[in-house]
Amino acid sequence: MEHSILLVEDDEILAENIQTYLERKGFEVTVCHSAEDALEQLRVFAPDAVLTDNSLPGMSGHDLIQKLRVSAPDLKVIMMTGYGNIEDAVVAMKEGAFHYVTKPVALPELKLLLDKALATERMERTLSFYQEREAQKSGVQALIGESAPMLNMKSTIGQLLEAERRMANTDLPPVLVEGETGTGKELVARALHFDGPRSKGPFIEFNCASIPSNLLESELFGHEKGAFTDAKDRRVGLVEAADGGTLFLDEVGEMDLLLQAKLLKLLEDRTIRRVGSVKERKVDLRIISATNCNLEQMVQQGKFRRDLFFRLRIISIKVPRLYARADDILLLARHFLAQHGKRYGKPHLHFSAQAEELMLSYSWPGNVRELRNMLEQTVLLAQHDTIAAHQLNVCHSLVDEPLLQHEPFSSEPRAPINGVEHMNLPEVERDMVRKMLDKTDWNVTKSARLLGLSRDMLRYRIEKLGLMRPDKRQW
């Protein structure tokens with residue numbers, strides 16, 4: 001590919017020599033003899049790089065760089081300067097120039113610098129593309145759901161983002177995202193980053209349970225060469241990599257107490273010290289942590305630092321389990337069915353009524369992740385457009401019945417039915433649903449809310465269990 005270079009040089013002989021050499025090497029070169037002419041040329045011409053002398057008639061190369069920094073901040077500029085004026089070139093680099101070369105110009109060295117500048121520009125453009133693509137699929141719009149619990153959570157996120165936009169600085173408060181495995185805690189963290197004021201910075205994710213605790217410190221804070229046996233080179237940790245952006249610590253409850261103390265220092269002082277170093281480094285980042293553990297209980301048991309717990313949860317967001325978002329189950333299922341159908345070349349798939357009933361009645365112990373992964377297998381093996389109930393590979397053996405776990409009056413002792421204390425699950429469910437309906441005078445909407453179900457799910461259970469009002473009237 002032929003790259004275009006704008007050469008700004010008032011020495012006509014030198015300009016001609018540089019132009020001839022670069023054109024032989026495959027570049028397209030446009031020559032201007034003043035900074036003013038170069039700015040005019042840039043109105044109609046978009047070069048890949050600019051090569052400019054510092055000492056020009058009228059506006060200097062230094063002034064040109066300052067103007068380009070405003071009008072074309074991504075454009076790579078290389079300054080040519082006399083040997084005695086290197087200090088001016090260094091100042092220009094601090095203000096945005098990519099590099100400099102001293103006169104008399106070594107043409108092969110000049111080509112190497114141009115190749116390096118163009119390679120850097122391509123890499124930055126590629127990174128920008130991927131960052132923008134990631135941002136498009138990682139904001140609040142990626143949180144699919146219209147149920148009351150999801151709308152409440154989205155409202156909380158929206159209020160937080162709005163408050164952050166009004167902040168005078170970007171020293172954002174830590175956020176603790178709590179929820180069961182598979183509920184989408186990472187999506188919440190990404191929404192806070194990519195829709196927040198640090199969206200242009202990096203988003204670094206780290207699972208605290210993914211590597212042994214003895215390697216965790218080096219992974220997070222980096223190390224110096226020779227800090228330990230295998231430290232053959234200096235390494236920057238993830239905390240430094242997240243400088244200017246967000247560090248997302250998933251499964252933060254798995255972090256040992258020693259590292260918890262260092263994380264607390266990071267939160268308090270915004271400083272870190274690499275393993276094996278005596279020098280502290282300042283970092284500017286936002287920390288979002290997530291856990292599926294009961295951190296309050298861990299604090300009481302001495303497994304998690306009390307001061308760190310309160311520091312991490314300045315803002316707390318709870319992600320609801322899928323079973324509590326019953327109105328979203330079919331919405332998510334259809335979304336994943338379309339997504340996987342597009343991937344596997346099966347765009348016309350749909351669920352049968354029995355398949356939808358099964359998904360509504362199942363408790364989803366693995367939450368949204370289980371639903372997504374189960375449907376991928378279903379789509380992959382589907383031979384017809386209609387997905388039947390028997391094609392849904394749900395894990396009944398892993399179910400902890402939500403009605404038993406989460407119903408609001410579970411602390412009250414259950415009276416035995418017919419003198420039998422140990423009942424099977426359908427009998428327990430039937431008794432529980434009937435008691436709640438009797439308690440609310442068969443108000444289905446109120447009963448569903450108290451049981452943590454949607455109205456449609458409760459109606460389905462009433463029909464399945466054959467329940468009727470005491471006066472024999474249909475509900």
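**In this predicted model, T246 lies opposite R286 of strand β11.** Strands β8 and β11 run parallel and are joined by 4 bridges, where strands (DSSP runs of E, at least two residues) and helices (DSSP runs of H or I, at least four residues) are numbered from the N terminus. On the β6 side, 4 bridges connect β6 (residues 175–178) with β11 (residues 286–291), again in parallel, and among the facing residues are V177 opposite A290 and E178, whose bridge partner is T291. Since 6 of the 6 residues of β11 are buried, this strand is largely enclosed by the rest of the structure; buried denotes under 20% relative accessible area, exposed over 50% and partly exposed the range in between, with a 1.4 Å probe and protein chains only. R286, I288 and A290 point one way from β11, whereas I287, S289 and T291 point the other way, and all are buried. Residues are numbered from 1 along each chain as its sequence is written, and side-chain values use heavy atoms, with hydrogens and water left out. In this predicted model, local features need pLDDT of at least 70 and side-chain atom pairs count only at pLDDT 80 or more, while totals for chains, interfaces and linings use all residues.

**The sheet that contains β11 is open and has the strand order β7-β8-β11-β6-β12.** Its 5 strands are paired in parallel, two strands being taken as paired if DSSP finds at least two bridges between them. The edges are formed by β7 (203–207) and β12 (315–318), each of which pairs on one side only. Neighbouring strands are turned by 20° against each other on average, direction ignored; axes are lines fitted to C-alpha atoms, for helices over the stretch in contact, and angles run from 0 to 180 degrees between N-to-C directions. Helix α6 (residues 148–165) packs on this sheet by touching β6, β11 and β12, and its direction makes about 155° with that of β12, contact meaning heavy atoms within 4.5 Å. Helix α7 (residues 185–194) lies across β6, β7, β8 (246–250), β11 and β12, running at about 155° to β7.

Strand β4 (residues 76–82) runs parallel to β5 and is joined to it by 5 bridges, with T102 of β5 as the bridge partner of T81.

**Y362 and W364 form an edge-to-face aromatic pair.** Their ring centres are 4.6 Å apart, with 80° between the planes, and both residues are buried. Rings of Phe, Tyr and Trp (its six-membered ring) pair if their centres lie within 6.5 Å, with planes under 30 degrees apart counted as stacked, over 60 as edge-to-face and the rest as tilted. Across the whole structure 4 aromatic pairs are found, and ring pairs link F194, F203 and F248 into a cluster.
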